[in-house]
Protein chains: 2
Amino acid sequence: MKQDLSRIANTGLISKITNENDAASLIQDGMVVASSGFTKSGDSKAVLLALSQRAEFDPLKITLITGASLGQQTDARLATLGAISLRLPFQADAVMRTLINEGQLMYIDENLGETAMHLKTGVFGDIDIAVIEASSIKEDGSIVPTTSVGNSAIFAALAKQIIVEINLSVPADIEGIHDIFLTGKYPDKAVIPITSAGQRVGRSSIPCNPEKIAGIVFTDKKDSPADILAPDKTTEKIASCILEFLGNEVRAGRLTKALLPLQAGIGKVANAVLQGFAASDFEHLTIYSEVLQDSTFDLFDAGKVDFASGSSITVSESCYQHIFNNWEKYKDKILLRPQDVTNAAEVISRLGVIAINTALECDLYGNVNSSHIAGTHIMNGIGGSADFAQNSYLSIFVTESTCKGNTISRIVPMVSHVDHSEHDVDILVTEQGLADLRGLAPRQKAKAILQNCVHPAYRDMLEEYFMEACKRGGQTPHVIEKAFDWYKDLRLTGSMKRQHSIQESSLDKL
Amino acid sequence: MKQDLSRIANTGLISKITNENDAASLIQDGMVVASSGFTKSGDSKAVLLALSQRAEFDPLKITLITGASLGQQTDARLATLGAISLRLPFQADAVMRTLINEGQLMYIDENLGETAMHLKTGVFGDIDIAVIEASSIKEDGSIVPTTSVGNSAIFAALAKQIIVEINLSVPADIEGIHDIFLTGKYPDKAVIPITSAGQRVGRSSIPCNPEKIAGIVFTDKKDSPADILAPDKTTEKIASCILEFLGNEVRAGRLTKALLPLQAGIGKVANAVLQGFAASDFEHLTIYSEVLQDSTFDLFDAGKVDFASGSSITVSESCYQHIFNNWEKYKDKILLRPQDVTNAAEVISRLGVIAINTALECDLYGNVNSSHIAGTHIMNGIGGSADFAQNSYLSIFVTESTCKGNTISRIVPMVSHVDHSEHDVDILVTEQGLADLRGLAPRQKAKAILQNCVHPAYRDMLEEYFMEACKRGGQTPHVIEKAFDWYKDLRLTGSMKRQHSIQESSLDKL
């Protein structure tokens, strides 16, 4: 592998250069291993791959802690070999998901803003070794990250040993876009003094005791590209509902045309919503999010966004090329921060973030499931959605109203798993329309959702349930023994749809 | 009613002195009315009573917004007369609860830390009139509150008109214990710079434009006293489990003997836990909570607590006398703050609060219901429990394992309503024992709860459910169509208990 010694300013560390196999040999059975990487960006691409190759003939089991999901099929490789006993705080791999749902691999699905605190307070024990992708190492041993920060700063602070992967495919002049702020330990946790998305509060590299660096490996593998799905009619309808709603908020004097900092989860709906801003009247927008996606850079190019703060740049291959070919244009408009800063309740609530996240399903009263299919099988995880939904100024959840050829309604009587309670859901949007749940009691929320969000194929069924529930009474009416009948029907017949005799809407009679 | 003009330093306001009936006449049908008051302390005692008397022959309907619950049976009186169309953000009255659950009174059960933000952003429209209990009015028109701050500062800032109730039963030298910090509006919301429970960051009175003061009423009615239930065997067992756990955390080096600031919800279990600290080895404790209860002052007297911050003093009659008879002893050790400061995610997460709250029920995977009986009928509301559980360093939930002569298990397969998801529950304690859920995946949490918290009368049933669920698979195994069978049985037979054939624990086989 090609080396570039100019990437290691601390000359005392030159002797630590090694190859990925030797570096991986430092990882032993039973260890707690941390790796950089957040939504496939800035992850270990050499050492964890070498580890998976070794694991084929030298079985081992490790705890693997990251920022969020990894690229390079690392999770799939290691999981298939049985090399992971415990994984946290997030994953998004199909193979690993199957093993998790079979109970063969323990998975702690965490709020992404909380892992650093849990690590500092010793919940998961000591970190034996951390693998951190870097663009360079500075004279003081500090590490300049690449396309993500994630939990790398806390890994560097706590790990007993550190392997640095210097990735030559990332230009060295990425230095400067990182803002590394360490919050400190209880009882002396610091104020995070951010009062605007673009405010720098930390240093440009991750502090690291050079004596802990046990190996330096070079690589030139690129980040796995993001899968970008083009907007379709459904996502465009959802996007237009949100833009219309925000326009009305501006006209009502509750927001200005600059809105408040935007956060958008990953996925085609969120991407479509952000793209919708390009042709809107909004201006001088800012982004305070986790992941800077293609749409972020489209909005820079459209002159709509002034600044974007996140914990990673996760983009398509063409966007990646475009960014680094035009680096001067973007580098002063971006900050990448540790995920316990991007996702800090403190900062999100202070800035008044407008959070747009995807629901797997939502119920009559606005409770949202964003992680578990039919209440049991995890899809990916809660990610940062609760960090943002709980603390935002406006918490918007988006979903298509049905899926799988209308056999599944994403609006159900009672969600089978609650990630976000009704207290943390302000706005619900489907391609049917938008329900503004602010200032409503639960029974009023149910009417707003029935009238605006439910697919026509399920409206009568849901209305019938709601009416029967209201006869039973309660602040949050339910027919508890029928609350999950739709899942039972789905299991038995392959569809939530049933025949019903209600001919016309009787909602107004309630 | 006796008057004391020395309580009104702004002499221009003397002319505003009136009686409660005339003041109440300012409140008209359809108005949005705000009232001071937090867990029965510092509430309106004259004007809202006069309003309820008028409502007997002059029907009207208002929106009533407070800090939290009111004393003086105000909620019951107004609700019985049909005088409230919408109530928020919290209530704890039996009569009002019935009307809410019948759907006759709309109730927005809110996180107590969030109401101020919702008011500032206009979710509930304008506040027409605010009634604020005061100990005095200062020369600049600012209001010195009494035994609570609650949402009074934001009410004073936003209301079109203000009625001040000066309560002569509260000594004027209560002045000095309030710390009024206004967080500002988006996009210029301020850092709340609190880094310790005892830090003063604001002023000692509530800013108020004297021109908005439309009436001043004198009263000498005392706060409704708190109902204090003596500890019993169950609560003492729960308390001893928590104290033992915290002792172990100190021995493991994760906490010091001063622990971290304590928050405790209202109720006999939380009260028993706090009382348990009196005879413990812990020292120099601090409290950063919502409500300062009898136990807080017991711990001052025992020399265990150095400082206590809250939004109200809600104590028994004898404790109330004791406090004000010994005011010099306590006044420098207490701060009462606005509830959007006591309950701010920012401060709770920065201080690393140890939060102890009561669960109505908890499920196999650590999800907690703290508000809805059988998933539908609200008890009181979520209160501040989510503000603290979501942002604390340690989120502890306590509950007895069964109730009503063992016919109801408080540990169930799936909770019927989720206020706190598994992500926000670190420790679960019943009189059976304590389950430390930190660092566990859902299936591991289930085993810890089964082994430590469930009542023996329900252990086999819950284990049988868990085993059947595990056969179905999933990150969070459930038998979705049976998840609520216990509630169905309770409804049909008056008990959750059933006959089962499992003779011995087969948990270890999983």
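Visitor: Leaving aside neighbours within four places in sequence, which residues is A:K268 in contact with?

Guide: This is a predicted model, in which local features need pLDDT of at least 70, side-chain atom pairs count only at pLDDT 80 or more, and totals for chains, interfaces and linings use all residues. Residues are numbered from 1 along each chain as its sequence is written, chains are lettered from A, and side-chain values use heavy atoms, without hydrogens and water. With those neighbours set aside, A:K268 is in contact (heavy atoms within 4.5 Å) with A:L229, A:D232 and A:T235.

Visitor: Why is A:K268 called partly exposed?

Guide: Buried means under 20% relative accessible area, exposed over 50%, and partly exposed in between, with a 1.4 Å probe and protein chains only. A:K268 has 33% relative accessibility and therefore counts as partly exposed.

Visitor: What makes A:K404 exposed?

Guide: Its relative accessibility is 65%, so A:K404 counts as exposed. A:K404 is placed in the loop between β22 (402-403) and β23 (408-409) of chain A.

Visitor: Why are α15(A) and α16(A) called roughly antiparallel?

Guide: Helix α15 (residues 442-452) and helix α16 (residues 456-472) of chain A pack at an angle of about 165 degrees. Angles under 35 degrees count as roughly parallel, over 145 as roughly antiparallel, 65 to 115 as roughly perpendicular and the rest as oblique; α15(A) and α16(A) are therefore roughly antiparallel.

Visitor: Which residues of α15(A) make the contact?

Guide: On α15(A) they are A:R443, A:A446, A:K447 and A:L450. Their partners on α16(A) include A:L462 and A:F466.

How values were computed:
Helices (H or I, at least four residues) and strands (E, at least two) are DSSP runs, numbered from the N terminus. Axes are lines fitted to C-alpha atoms, for helices over the stretch in contact, and angles run from 0 to 180 degrees between N-to-C directions.
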